[in-house]
Amino acid sequence: AARLAEGRLSGRTVTSTGLETVDGRRVPDHLVQAADELGVDMRSHRSTRAQRAHIDTADLILIMDPLNYDILRRRHPEALDKVLFLGLFGDSPSLTIPDPVLMDEQDTLATIRTIRDAVDRLVRWLGGE
């Protein structure tokens, strides 16, 4: 989602972090290939675990599912007024965009398309490109 939004939100910084990740992990090959099909290069992307500074300095925190919300609520309740579910911007609004890490090729591509469509609508909503 961050790679899709980068460059389309001029004057805004876009950062991708995870609440339950390990720093420095590479994107799995099947996700790199699926993203390639949509024109998104994920080869150099590495995971980054969200730190307090990320939370404190963010104007907007996009999350993919209710589990992310629960984690934020427990760890950073002061940040909840900055939280939006990215999936609410999709074609079929939903609180959950599933993690494509363990999906097959077809479901991975469908999920990345869902993310792309939600980011497109989010960018328009925020007044970007």
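Is Glu 6 buried, partly exposed or exposed, and what is its relative accessibility? In this predicted model, Glu 6 has a relative accessibility of 39% and is therefore classed as partly exposed. Its salt-bridge partner is Arg 3, with a nitrogen-to-oxygen distance of 3.7 Å between the two side chains. Arg 3 is also partly exposed, at 26% relative accessibility.

Side chains of opposite charge can pair when their charged atoms come close. Across the whole structure, 10 salt bridges were found. One of them joins Asp 120 to Arg 8, with an N to O distance of 2.7 Å. Arg 8 has a relative accessibility of 18%, and because the limit for a buried residue is under 20%, Arg 8 counts as buried.

A further salt bridge is made by the side chains of Glu 78 and Arg 52, at 3.1 Å from N to O. Here too, distant parts of the chain are linked: Glu 78 is in the loop between helix H4 (66-75) and strand S2 (83-85), Arg 52 is in helix H3 (residues 52-57), and the two are 26 residues apart. Both ends of this pair are partly exposed, Glu 78 at 43% relative accessibility and Arg 52 at 44%.

The packing of helices H2 and H5 was examined next. Two packed helices are described by the angle between their axes and the distance between the axes. For H2 and H5, the axes come within 9 Å of each other and cross at roughly 55°. At this angle H2 is oblique to H5. The crossing of H2 past H5 is right-handed. On the H2 side, the contact is made by His 30, Leu 31, Ala 34, Ala 35 and Glu 37, and on the H5 side by Glu 105, Thr 108, Leu 109 and Ile 112. Sorted by class, the residues of this contact are 5 nonpolar, 2 polar and 2 charged.

Two residues of H5 were considered individually. Thr 108, located in helix H5, is buried, with a relative accessibility of 1%. When neighbours within four places in sequence are set aside, Thr 108 is in contact with His 30, Leu 31 and Ala 34, as well as with Pro 100 and Met 103. His 30, Leu 31 and Ala 34 are among the H2 residues that form the contact with H5.

Asp 117 also lies in helix H5. Its relative accessibility is 19%, and Asp 117 is therefore counted as buried. With residues up to four places away in sequence left out, Asp 117 touches Phe 89 and Asp 91. The C-alpha atom of Asp 117 is separated by 5.8 Å from that of Gly 90, a residue 27 positions away along the chain.

How values were computed: Residues are numbered from 1 along each chain as its sequence is written. This is a predicted model: local features need pLDDT of at least 70, side-chain atom pairs count only at pLDDT 80 or more; totals for chains, interfaces and linings use all residues. Side-chain values use heavy atoms; hydrogens and water are left out. A salt bridge is a side-chain nitrogen of Lys or Arg within 4 Å of a carboxyl oxygen of Asp or Glu. Buried means under 20% relative accessible area, exposed over 50%, partly exposed in between (1.4 Å probe, protein chains only). Helices (H or I, at least four residues) and strands (E, at least two) are DSSP runs, numbered from the N terminus. Axes are lines fitted to C-alpha atoms, for helices over the stretch in contact, and angles run from 0 to 180 degrees between N-to-C directions. Angles under 35 degrees count as roughly parallel, over 145 as roughly antiparallel, 65 to 115 as roughly perpendicular and the rest as oblique. A crossing is left-handed if the near helix is turned anticlockwise from the far one by less than a right angle, and right-handed if clockwise. Contact means heavy atoms within 4.5 Å. Ala, Val, Leu, Ile, Met, Phe, Trp, Tyr, Cys and Pro count as nonpolar, Asp, Glu, Lys and Arg as charged, and the others, Gly among them, as polar.
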